[in-house]
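Reader: Could you take me through one part of this model closely, with the residues named as you go? I would like to follow how its pieces meet.

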Amino acid sequence: MSKFSKKKSGELPPVSTASLPDIVFMLLFFFMTVTVMKDSSLKVENVLPNASEVKKLEKKDRVIYIYVGKPTQEFQKVFGTEPKIQLNDKFASPSEVGDYILAERAKKSQELQNVLTTALKVDKNANMGLISDIKLELRKVNALKVNYTTYEGDAFRNLQ
Amino acid sequence: MARRAGAPEVNAGSMADIAFLLLIFFLVTTTIETDAGLDRMLPPIEPPETDVVIKQKNIFQVAINKNGQLLADEELTNLKDLRAKAMAFLDNGGDGTCTYCKGKKNPESSDNPTKAIISLKNDRETKYGTYITVQNELVGAYNDLRNREAQRLFGRKFTDMEAEYLNPETAQSVKDDLKEKVKKIQDLFPQKLSEAETSTSN
């Protein structure tokens, strides 16, 4: 009898936290491997439109990004509220798009230069005029493959 | 001789804290999602050497004005009806040469899906969101028709087949097999979406 009562009287042992670092490290490695560092900070508003018939943009090394949208609050004093093009880290005019594409293309390795895609990340409130100018510039430098980057969703939500 | 016991163990209690710090840093900087969007090919800048004559009835004209209103085949159309209208146009098969079409065979509309062209025109003031919606609906019309044919010929959806074909993780043997099928369906309903220059008039 005394044997049983002895066991029960003991206090609850503390939960061992020795494996906590292991768990955290596991998570850490997961996030380290899936992380893609943002290569440029956005200076424009960039709420993409929705579309349902999307294709995934695989292979990030073959993509050149062009951002279009209204300058964010802090840049509005200098650049106004009209939609602007952002290439890398700075605002640009449509005429600079061609040079930018050529420069980016030259940076890529030889075998990728012919399979590059230009991803247009355009705010849904931008006007088509600017996009047409960009498209014309892209055609001039023969960068014909474009991807209008969108969110996946119901396309009719764009109209609201 | 206390030294003989060996060096004292390093306290690893703060390891978790350090790891947490790193973890939070990577959590914040992570953007996991891959980008997705509508793939389009722009027309080359050089005009084709020979002028091709296209019959008016083989062109489906879509125009968007600056208020986002839509003119499809010279009728004011609701955006929600555009997909059905485009599908009816593509699937028409007016001259009877199209064996897989299920359209009305209206002689006033397109002859054959391989000849049918959708022309999209927009104003400089058109909102980008509206433009994407229209693009989405037109691509959707093609995809719906292609899905129907793929379902009939191969028993699965065209969009699935294409996604698997484009996925870099798919095995090469599967890819080769899919390539032919995808090509075949694409040839049945070739995507001929012409984008005219934007109009500058108001």
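Author: What follows is a close look at helix 3 of chain B and its surroundings.

The model is a predicted one, and the description below should be read with that in mind. Helix 3 of chain B covers residues 128–154. The axes of helix 2 of chain B and helix 3 of chain B come within 9 Å and cross at roughly 40 degrees, and that angle makes helix 2 of chain B oblique to helix 3 of chain B. The crossing of these two helices is right-handed. On the side of helix 2 of chain B, the contact is made by Leu79(B), Leu82(B), Arg83(B), Ala86(B), Met87(B) and Leu90(B), while helix 3 of chain B brings Thr133(B), Val134(B), Glu137(B), Leu138(B), Gly140(B), Ala141(B), Asp144(B) and Leu145(B). Sorted by class, the residues of this contact are nine nonpolar, two polar and three charged.

Some of these residues also belong to the largest nonpolar core, which has 47 residues, and in which Ile66(A), Val68(A), Ala86(B), Leu90(B) and Leu138(B) touch the most other members. Helix 3 of chain B gives this core its largest share, nine residues. In general terms, nonpolar side chains tend to be buried together in soluble globular proteins. On the chain A side, Val68(A) is in contact, beyond its neighbours within four places in sequence, with residues including Val44(A), Pro83(A), Ile85(A), Leu120(A) and Leu130(A), and also with the charged residue Asp123(A).

The contact between the chains takes 48 residues from chain B and 50 residues from chain A. Helix 1, strand 1, helix 2 and helix 3 of chain B each supply at least two residues of the side of chain B that touches chain A, and the largest share of that side, twelve residues, comes from helix 3 of chain B. By class, this side of chain B holds 22 nonpolar, 16 polar and ten charged residues.

A second, separate core has six residues, among them Ala150(B), Phe158(B), Leu178(B) and Val182(B). Phe158(B) lies in helix 4 of chain B, whereas Leu178(B) and Val182(B) lie in helix 5 of chain B, and these three are among the residues through which the two helices meet. The axes of helix 4 and helix 5 of chain B come within 9 Å and cross at roughly 135 degrees; the two helices are therefore oblique to each other, and their crossing is left-handed. The residues of this contact divide into six nonpolar, no polar and five charged.

Definitions and conventions
Residues numbered from 1 in each chain as written. Chains lettered and ligands numbered in written order. Predicted model: local features only at pLDDT ≥ 70, side-chain atom pairs only at ≥ 80, totals over all residues. Axes fitted to C-alpha atoms, helices over the stretch in contact; angles between N-to-C directions. Helix = DSSP H or I, 4+ residues; strand = E, 2+ residues; numbered from the N terminus. Parallel < 35°, antiparallel > 145°, perpendicular 65-115°, else oblique. Left-handed = near helix turned anticlockwise from the far one by under 90°. Contact = placed C-beta atoms within 7 Å. Core = buried A, V, L, I, M, F, W, Y, C linked by C-beta atoms within 7 Å. Buried ≥ 20, exposed ≤ 12 C-beta atoms within 10 Å, placed from the backbone.
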